[in-house]
Protein chains: 2
Amino acid sequence: MNNRRSSPATAGKHPAPAASPWKASHERQRDREVKRDAVIRAAAREFNRKGYHNTSLDDIAARLEVTKPTVYYYVTSKEQLLFQCFVAGVERIRAAFRDVRRLELPARERLNAVLRRYGEAVASEFGWCMVRAEEQDLSPAMSRHIKALKSEIDHGIRRLIREGVQDGSIHPCDPKMTAFALAGALNWIAHWYREDQSLSGAQIAEAFVTVFEAGLRPRANAAQLATPRRRARRALGALAR
Amino acid sequence: MNNRRSSPATAGKHPAPAASPWKASHERQRDREVKRDAVIRAAAREFNRKGYHNTSLDDIAARLEVTKPTVYYYVTSKEQLLFQCFVAGVERIRAAFRDVRRLELPARERLNAVLRRYGEAVASEFGWCMVRAEEQDLSPAMSRHIKALKSEIDHGIRRLIREGVQDGSIHPCDPKMTAFALAGALNWIAHWYREDQSLSGAQIAEAFVTVFEAGLRPRANAAQLATPRRRARRALGALAR
DNA sequence: TAGGATGTCTACTCGTGAGTATGATCGAGA
DNA sequence: TCTCGATCATACTCACGAGTAGACATCCTA
């Protein structure tokens, strides 16, 4: 239980030869962050299992085998805990966008890469918090922050779609609605993944990308496409308001 | 405020000539159901605005300009209120399945019809409750009931997909994953529709169906499809476990 | 080895909200 | 006019959970 000294590989054997007074302080700092992370992870898992409102800080503390004030020693409020979980999840998606920017590929391939990472993030332990953190549960300031992050991701997807339509790698479509559909399908994973873990996050993401790519309509012969095509265009026309 | 007698068109002018003692009773009964409906609707709207846990029964009562005990006169608990909202939403989708069964159309067309009604239901006032009613907030019995209803819908979609693959109207795919993707995209409407009501539920549903149908990959020339096709098949192979 | 910093616990406060006991009101029938 | 049942309000109870005060322990530095 009291393994504070035993866990880091650097501790014990080599007690900092030059004995700088800062060394211990740094180590403590690092130690503190490890514990804070553990608190956030534990919170994510409990939120995932029982939902935000049905999880008390006593529950989270119990899961860590400590008491509530200890949890409060690492975070300032339950709300902040949810927020941190959200950020931890969303950060993975932002990283995916950053990584993909460097690639020299058609936009559809880049979009697929992002969607794969997106799906994995949603199926991760932070998925629930990322997807279901409700603005109503948070203070106005945090709510704004979360909305901004969500909007950033949404617009990132829309941009990739637009680029794909331009470079010809994506079938012409309404970027906004398409982004909503893609993100929605992936977000929804967080709702059912708890129940059905027969596939890994990566496998689900891959399967979804396959579905998105192909669409429902069979691709066999071109003649068959005539009628539905016209209908689709009519629908898009209605969307123009 | 006290319009109990003035609202029904049959009241006042024609005070039930034959004067059966049951008449008044019937009328009261109907009256009661109207009020009960109003309670459920008000709850749905408040849940939609602020979430289940952030809505107190005092809030709902205030919205109806009555007090909490009045609400309890029509429902037995907050939980039941949520459940009723859920059922009200889901019933529309079940109706869609029933209606579609009669149609003599390729399965893809029937699926589209269901998805359109599905989208409209999710964008309705009961959408939030239908989509976000968490099992963890409900008693085991109600939770089971809700799960059964959800599962019924899920399997209905899968069945239509399978039929479509068989009758050739749907591109071969994994029915389970495809159903998850479609339902997820539509369910997610409940999350953002509150914020962005620039389109009607029907319009959104129509736009989504268009996206689902076409998929992302351009359909222009067949040669272009060779590589991605192979990749898609590889992914489906991985799904077979 | 004293004294300060860090980390954790016990034992609270306090607001909130679900649900209820009890009684007032009001219309309908006797 | 009196009663009865349906409807609704006042004014509670009670549990739960977020957050805190203050004591205690443990380690680090001087």
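Colleague: How close do the axes of H5(B) and H10(B) come, and at roughly what angle do they cross?

Modeller: First, this is a predicted model, where local features need pLDDT of at least 70 and side-chain atom pairs count only at pLDDT 80 or more, while totals for chains, interfaces and linings use all residues. Residues are numbered from 1 along each chain as its sequence is written, and chains are lettered from A and ligands numbered from 1 in the order in which they are written. Helices are DSSP runs (H or I, at least four residues), numbered from the N terminus. Axes are lines fitted to C-alpha atoms, over the stretch in contact, with angles from 0 to 180 degrees between N-to-C directions. Here the axes of H5(B) and H10(B) come within 8 Å and cross at roughly 140 degrees.

Colleague: What orientation do H5(B) and H10(B) have to each other?

Modeller: Under 35 degrees counts as roughly parallel, over 145 as roughly antiparallel, 65 to 115 as roughly perpendicular, and the rest as oblique. H5(B) and H10(B) are therefore oblique to each other. A crossing is left-handed if the near helix is turned anticlockwise from the far one by less than a right angle, and right-handed if clockwise; that of H5(B) and H10(B) is right-handed.

Colleague: Which residues make the contact of H5(B) with H10(B)?

Modeller: Contact is defined by C-beta atoms, placed from the backbone, within 7 Å. H5(B) contributes residues including Leu115(B), Gly119(B) and Ala123(B), and H10(B) residues including Ala202(B), Ala205(B) and Phe208(B). For classes, Ala, Val, Leu, Ile, Met, Phe, Trp, Tyr, Cys and Pro count as nonpolar, Asp, Glu, Lys and Arg as charged, and the others, Gly among them, as polar. This contact has seven nonpolar, three polar and three charged residues.

Colleague: At what angle does H5(B) pack with H7(B)?

Modeller: H5(B), residues 107–123, and H7(B), residues 140–167, pack at about 155 degrees with axes 8 Å apart. That makes H5(B) roughly antiparallel to H7(B). H5(B) passes H7(B) in a left-handed crossing. Among the residues that touch are Leu111(B) and Val114(B) of H5(B), with Leu160(B) and Ile161(B) of H7(B). This contact divides into five nonpolar, one polar and four charged residues.

Colleague: Now the two chains: how many residues does each give to the contact?

Modeller: Chain B gives 44 residues and chain A gives 44 residues. On the side of chain B, helices H8, H9, H10 and H11 each give two or more residues, and H10(B) has the largest share, nine residues. By class, that side has 22 nonpolar, 13 polar and nine charged residues.

Colleague: What rotation superposes chain B on chain A?

Modeller: Copies are superposed by least squares on C-alpha atoms of residues with pLDDT of at least 70 in both. A rotation of 180 degrees, with 0.0 Å of shift along its axis, superposes chain B on chain A at an RMSD of 0.0 Å. The copies are thus related as by a two-fold rotation axis. 100% of the interface residues of chain B are also interface residues in chain A, so the copies meet through the same surface.

Colleague: Where do H8(A) and H8(B) meet?

Modeller: Ala181(A), Gly184(A), Ala185(A) and Asn187(A) meet Ala181(B), Gly184(B), Ala185(B) and Asn187(B). The axes come within 7 Å and cross at roughly 110 degrees, and H8(A) and H8(B) are therefore roughly perpendicular.

Colleague: Which residues come nearest to DNA strand C?

Modeller: Near means a C-beta atom, placed from the backbone, within 6 Å. Of the 20 residues around DNA strand C, Val66(A), Thr67(A), Pro69(A), Thr70(A) and Ser56(B) come nearest.
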